[in-house]
Every structure is written in C-alpha cells, then in structure tokens.
Amino acid sequence: MNNQLKKQLLKRSKAAKLERLGKSVSFLALMLITVTVFAIIIFVASKGFSTFFSNHVSFVDFITGKNWNPSVTNAKGQPEVGALPMIAGSFIVTILSALVATPFAIGAAIFMTEISPQRGAKILQPVIELLVGIPSVVYGFIGLTVIVPLTRSLFGGSGFGILSGTCVLFVMILPTVTSMSVDALRAVPRYYREAALALGATQWQTIYKVILRAATPGMLTAIVFGMARAFGEALAVQMVIGNAALLPTSLVSPASTLTSVLTTGIGNTVMGSLQNNALWSLALVLLVMSLIFNLVIRLIGRKGAMSK
Amino acid sequence: MNPKLSNRIAISVLYVISGTIIVILAALLGYIIISGLPAINWHFLTSPARAFTSGGGIGIQLFNSFYLLILTMLISFPIALGAGIYLNEYAKQNWVTALVRTAIEILSSLPSVVVGLFGFLIFVVQFDFGFSILSGAFALTFFNLPLLTRSIEEALAAVPNAQREGGLALGLSKWETVTHIIVPAALPAILTGVILSAGRIFGEAAALIFTAGQSAPALNFADWNPFNMTSPLNPMRPAETLAVHIWKINSEGIMPDAKAISSGSSAVLVISVLAFNLLARFVGKRLFKRLTAS
Amino acid sequence: MLINPTSPHQGDSWLERNIVDPSERHDSPIVLETKQLRVFYGENEAIHEGDLKFPEHQITALIGPSGSGKSTFLRSLNRMNDGVATVKGQILYRGVDVNQPEIDVYEMRRRIGMVFQRPNPFSKSIYDNIVFALRRRGVTDKATLDEIVETSLKQAAIWDEVKDSLQKSALALSGGQQQRLCIARAIAVQPDILLLDEPASALDPISTGKLEETLMTLKQKYTIIIVTHNMQQAARISDYTAFFNMGRALEYNETSKIFTRPKVQLTNNYVAGDFG
C-alpha cells in the first residue's frame, strides 16, 4: 500500500506541469520586454554611431558644430553635421520649462497636501489627471493657434521659437511634476508636522523649514522626471518651435530641438545615407540623455534613502 | 518679517498658484471644446479626409485610431499580464530581477519618438511590413508595455496573500492559483489600468508617424476580408490615426479648412480620452462592488 | 544558553523533554511523523527539532507561547513554507518521506490540506469556492460536483445555513461561516489530514463553539492537527497535545495528561498560565 502511495506522490501531477509551463511562459513575456529594451539601445546606438564610423564624421565636430546641413560639405571636405543648435535647443526648452513648472508644481503639491487636502483631492487632483490625459498633439495644436500668435503680437517676429516651446512644455510637464511632488510630500511622516506645529511654528514655517526639506529628494526626482519628459517630447514642441536648425539667439526666434529635427527629417532622407545616419545620431543623443536622466533619478533615490 | 504675516502671504501665494493651474485647465478644455464642437457633426465623424478642398472629415482616421488601439491591446495585454505575473508572483530579489526592473523603467522613460524610430527600423524596414497598422501596433506595444506591466503588477500585489495560500493549500499550483483566483480578484484594478493606458495609446502620435504612416487610403467599409487592400481590417495598410492627422494638417496641411478640422479633431480626441478616464473610474468602482458584495 | 540539538536529553532544564510515541499506547496507525525536523529562515533556525508522531483519526493540538514555532512547524508539514524557509529532516506521510524534492507537492497538499488563521474564501460564489479545486483537477460532472458540495458543506456543518444561497458571494458570509466554508473547501478535495492554523483566533465565542463541534465530528474521517493559543480549546477538543517552546517540542502526550500531570516543568508553568 505504501508503494502505491509512493508512486502516486512521486508522479508529476497536472498541477506541476501547469506550474512549470505557466512560470516559463510568464518569464518569457518578461524577457521579451527586457530584450526589447536592449534591442532598442543596441539598434539605435549602432545606427547612431555609423555617422562617426562609416561616414567618418568627427564626434567633436558633431557635438560642437553650429551648422546643420548634412547634404552640404564644408571647407574641410566634411559634411556639415553640427548638432549643437538642436542639442542647445533641447536643453534650453527643457531647463526653462522645468524652471517655470517647478514653483507651480510644488506650490500646487503643497496646497494639496498641507493647506487644503479636501479641496486638493476634490478639485486639483482631477485637474492634474485631466492635464495628463490631454494628448501632446492637442497641446501642440493649441500652442500653434494660441501661444504662437500671442508671442507674435507681444514680441514681434514669427512667434515660433523657444518661448512658445517653453510655454507648451510647461503645461505638459506640470501634472507629472505635481503628482510626483504630492507623493513626496505625503511620504513625510505626520509627526514631523505635529512636532513643528507644537513648537509654535506657523504653518508656513513648518512647510518651509521642515516638510520641504524632508521631501527634497522626492521633489528633485519629480523635477528630473519632468525634465526627462520635456527633453523627449516631440510633436508638441516641433509644432511651435519653428524648426530652424540655428543656434538660438533669442527666445522668440525660430529654433529646433533634437526631437523636432528627427520628426521632420526621418521621412525625407534615404536609409543608410549620411543625412539619415546623422539623424540617427541625434536619436542616439536623445537615448543617451534619457539614460542619464534615469541614472540621475536613481542616484537621487539612493541618496535620499541613505539620508533617512 | 513677521512670521504671521509671511505665513499669510505664503498661503495666499499657494492659493494663487493652485487657482492658476485650474484656470489653465479650464481655458484649455474650454478652448478645445468651444472651437472644436462647431466642426463636429455626423458628416465630419464619418466621411474621409480631403487633401486640397474643404469639407473633409475624419472617419477613416477615427476608425484607424480605434483599430490600432484594439490591435495594440491584443498584443500588449498578454505580454504585460505575463510579465506582471512573473514580477509579482515568481521573481526573486536578485540581480536578474533588478536588471529587468531597470530595463522596464528605461523603456517607460524613453522618448516615444525613439520608440517610434526603433519600430520604423525593425518593422517597417527590416521585416518589410511597410508603413502599416501592424508596424504601428508593435511600436505602440513597446510604448505601452512598461506602464501596463507596472499597473498589472500593482493590481496583483494588492490582492492579499491569504488568497494565494488558500489556493496552494488545496493542492493547486501557484500558476493555477494566480490565473484563477488572484487575477480575477485583481480584475477591477487591472481593467482600470488597461483603460487608462488605452487613453494614452489613443492620443499618441510621435511613435506612429514613422510606423503606421501618415496617409489614410480610402477604405471600403463593405469589405471585411482582412486580406483585401481596401478592407478596414487589413493590418498591412498604412493608417494615419486621428492624433497623427492633427499633427499632419498643422505641419503641412493645405486644405482651406485645416484649422476647423484640427479643432474638431482635437475636440474628438480630448473627449475620447476623457471618456476613457471616466470609464476607467466607473468600471473600477462598479466591478469592485460586484466582486465584493453578494 | 546552551543549545545542542544532537543530544536533547541533557540535564539542562530548558531542554527537558518528554515525548511519547502514540503507537505504543494506541492502536490507530501513525499517519504523519516528523524525524529530525529543523526549519531555517535564512540563517535563523526556527525549529530545532521536532520528532512527533500523529495518530490517525485523532485531533492533535500544538500549543505554546507565541514565537514558540508551533505555526512554523505546522506549515512545514504540508510544505507551505517552501520558498520561504528551508526545512531539513524527514516528514513521513504514511511512511513516505514527503520532504524531498521528487515529491509532487500538489498531490501531497491535496492529501494534507490546510485551513488558516483568517478565513480566506475566494471572491467567488459559495458553490464555486467548494468546486474550484475539483474543477481544476478535471472533475466537471455537474451531479458529482453538486454532491460533493452538499457533503462537504454538511461535514463542515454549514449546509443548513447556506443551502439556499449557494450562488451568493462567499464574501457576504459572516466570519465564522467563512471559516467553516474554508473547512468545507479543504475537505472537498478529499484530504487525509487537515492542518488548522489557529482557525478560531479571528472568531467570536459562538462561532468558535460551532467550529469546535465541527472539528469533533470531522475527526471520524480525517486526522486533524490544530495550532491553538487557546489552552481551553486544546483541552476541549484534542486527544493529543504537543507543547512547543523556543522552537522545540518539549512535551507530547495525551491531552488529559498534559493538562493534569505534565512531566516537564515548563509545560506545567505554561498550562498553569505562568507565561505565554
């Protein structure tokens, strides 16, 4: 009898087979995502590097060159693929929009967590969620029909440029930065507030001297997240920035970003040509910046965790 | 400065900031709806676009957007579900899991235009799918996977462990327990995540310009054989979506009523996304009630 | 303090033990037996040794202060601790060592079922809760399923309360009903042994009383091992009692003897309410 039982217990049941199958299938799904990410990095990198390896463009010229005109060769016999105007354009709109969005986002986050949590949850929370939901082409369209004419009438020129781009990006990253700042502020333990208020501090003193300090790493993460979004945003910026591959000289003159040149250019070049490869190099810069933003967020997170 | 006074000033400033954000949203929505609604009518929603003359509609683009959305979900949901299950139920805390999580984070923060370019390189060029719904659906899948995986993982993590033990103690495998008990219990949260990501997919354009293409050839809505070129169901045809259409006519549109069409399309897009959001809330609450009450 | 698991019978009063072998004084066969069972959470040894024999169709109670390892011991018996803890030693189920990797853990758990501290019905109907595992095992015949639902619910003494609402969500039941449903769910797969981990700790006194009655009748068909921190409960329902302290089974005997004439000083202190 024991032998029979032993046999039954040693036989692999249907459940055991299903378990193995299910575990493998779900692992495969996860690996598929992981492999895709590495494939994206490898493919974009290999295409992006071909400008330097196949077309022998100097990397320094690419990063520092001020003229972007891949179909023309310059005096040195090298094609003109200076990406500085786009790199500068991307960084300027990113930093400016983050600078404008940060006080708004943090102010709103403080309002939602500290001043009036009820109204925050009832009014501001849905407002933020709705702002996230609006597609970026709609932001671009409104920028094009409202912001651009407005800048034109205020500052002259065409209205296209860094300023319009900044305005559009400001509204686009505002909800991201706000909701992440809210999370950071909510993570500050209650007794911090109670202790400060019990010491006779005013509400603002409590917020400014205690809560904001405790939440700094989280809010920095929020801002970097917003910057990453702004840096990678393509269509909305492309629609209002004017798409002139020139080093920006003023906030209201047409400029361009990495993404805007990519969206307008890829369709008009032939795969494998220098013009096309140069665009892939721009995509590589975008990719690398995205990885750097990721790294920075990780570093902030690690530092924040250590100081706790 | 007197702390009481500075307290009052600071709090007023916070009120002003919050008020401004509300005004911005109100202005945005107001502008979209007021400028867009007059353009929307049955003809606009159903007839094909015109390139050079006024009076065109967005019928094909609207159809393309929905078809692409469904196809993307069909591809990405099983993958995200599998990945979410593995991450929440099986993954041990080791370097492989850390690497995978990092990869997913990277994918979620990649600019969508880069994802689109990768899709272009792989599907349009290498696999020779051309500018097609299928290429677009794959590109959107990459765009969609990280967020959907995370929301599914969170939904599963919210189901109490006692439910897992209950299944295991009956002699069921972990896989059976997860697929038949944990996933159904997490269904409201999973569905909410799916609908929210559907809204994101619906509005995405940058990943599509070089994958699904920027043209919307005429369709024969009487032909539902997916192998015919004019069939709406053919996944190999180029398909400009509503979001791409808005971008396209604003960058190079030459029809005289470009602005009215963009306004109308923007309104349709925003209303659809709002509808997705409301639906997500509704479905989440409703299903949750049905599952917990008798 | 000196802990030397290899030589338990030394003079140190902390290690004073008295473990009986039920097969010597009882004619019911031994269904489950642990030999040199040791459980580790990482580097931490939670169970130092447990050599116990569980007789068929008897209720055995595992008692002891919290943290004594009684729950860990119980959960090791049907390998619910797989992946959480490392279990060394032998678990002989009717003579077959089930604590080895070749054993099909799912078939083993079907035979050695478990009911938990907090009722954990699935968010399905009462009927589906009972037949869920059967369906997964390929039983699809409606009449068979109906019959099993009825007999399981009757055995768990909850049939009269729910027979008219089998399609209602199990989550709508009261805590005590949910726990009896969980017992019905466990016996629906026709186990041999039922392990219960403080099944009454989340219940009110009336539900607890009903649950205890249920267990008393269930022992005619199943071998029951129950962890409880309620000594009266152990005294009321169990035939054998094992007293655990600091990861060790210190005394194991017929329940009446444990509660009236414990041989180990610590057991005496515990059942007298001196610590716990």
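Which helices do the buried residues of H4(C) pack against? They pack against helix H8 (174-203) of chain B, together with helix H5 (142-155), helix H6 (159-162) and H7 of chain C. Packing here rests on contacts: two residues are in contact if their C-beta atoms, placed from the backbone, lie within 7 Å.

This is a predicted model, in which local features need pLDDT of at least 70, side-chain atom pairs count only at pLDDT 80 or more, and totals for chains, interfaces and linings use all residues. Residues are numbered from 1 along each chain as its sequence is written, while chains are lettered from A and ligands numbered from 1 in the order in which they are written.

**Chain C as a whole**

Chain C has 11 helices and 12 strands. Helices (H or I, at least four residues) and strands (E, at least two) are DSSP runs, numbered from the N terminus. A compact globule of 276 residues would have a radius of gyration near 19 Å, and chain C agrees, with 19 Å. That radius is taken over C-alpha atoms, and the globule rule is 2.2 Å times the number of residues to the power 0.38. The C-alpha atoms fill a box of roughly 60 × 40 × 35 Å along the principal axes.

Of the 276 residues of chain C, 49% count as buried. A residue is buried if 20 or more other C-beta atoms lie within 10 Å of its own, exposed if 12 or fewer, and partly exposed in between; the C-beta atoms are placed from the backbone.

An unreviewed UniProt entry lists "domain: ABC transporter" for residues 32-271 of chain C. Such annotations may be inferred rather than shown by experiment. Over residues 32-271 the chain is 38% helix and 25% strand.

**The sheet**

Seven strands of chain C form an open sheet with mixed pairing, in the order E1-E12-E11-E5-E10-E9-E8. Two strands pair if DSSP finds at least two bridges between them. Strands E1 (18-19) and E8 (112-115) of chain C are the edges, each pairing on one side only. Helix H7 (residues 175-188) of chain C packs on this sheet and touches E8 and strand E9 (193-197) of chain C.

Strand E10 (residues 223-227) of chain C runs parallel to strand E5 (residues 59-63) of chain C, with four bridges. E9(C) and E10(C) also run parallel, joined by five bridges. Here are some partners across these pairs.

| Residue | Partner in E10(C) |
|---|---|
| Ile59(C) | Ile224(C) |
| Leu62(C) | Val227(C) |

Five of the five residues of E10(C) are buried. Thr223(C), Ile225(C) and Val227(C) point one way, and Ile224(C) and Ile226(C) the other. In a regular strand the side chains alternate between the two faces of the sheet.

**Back to helix H4**

Helix H4 (residues 126-136) of chain C is largely enclosed by the rest of the structure, because eight of its 11 residues are buried. Among them are Ile126(C), Phe132(C) and Arg136(C). Just after H4(C), Gly138(C) takes a positive phi of about 95°.

**Where chains A and B meet**

This contact takes 67 residues from chain A and 69 residues from chain B. Helix H2 (residues 14-53) of chain A gives the most to chain A's side, with 20 residues. That side divides into 46 nonpolar, 17 polar and four charged residues. Ala, Val, Leu, Ile, Met, Phe, Trp, Tyr, Cys and Pro count as nonpolar, Asp, Glu, Lys and Arg as charged, and the others, Gly among them, as polar.

How values were computed. Axes fitted to C-alpha atoms, helices over the stretch in contact; angles between N-to-C directions.
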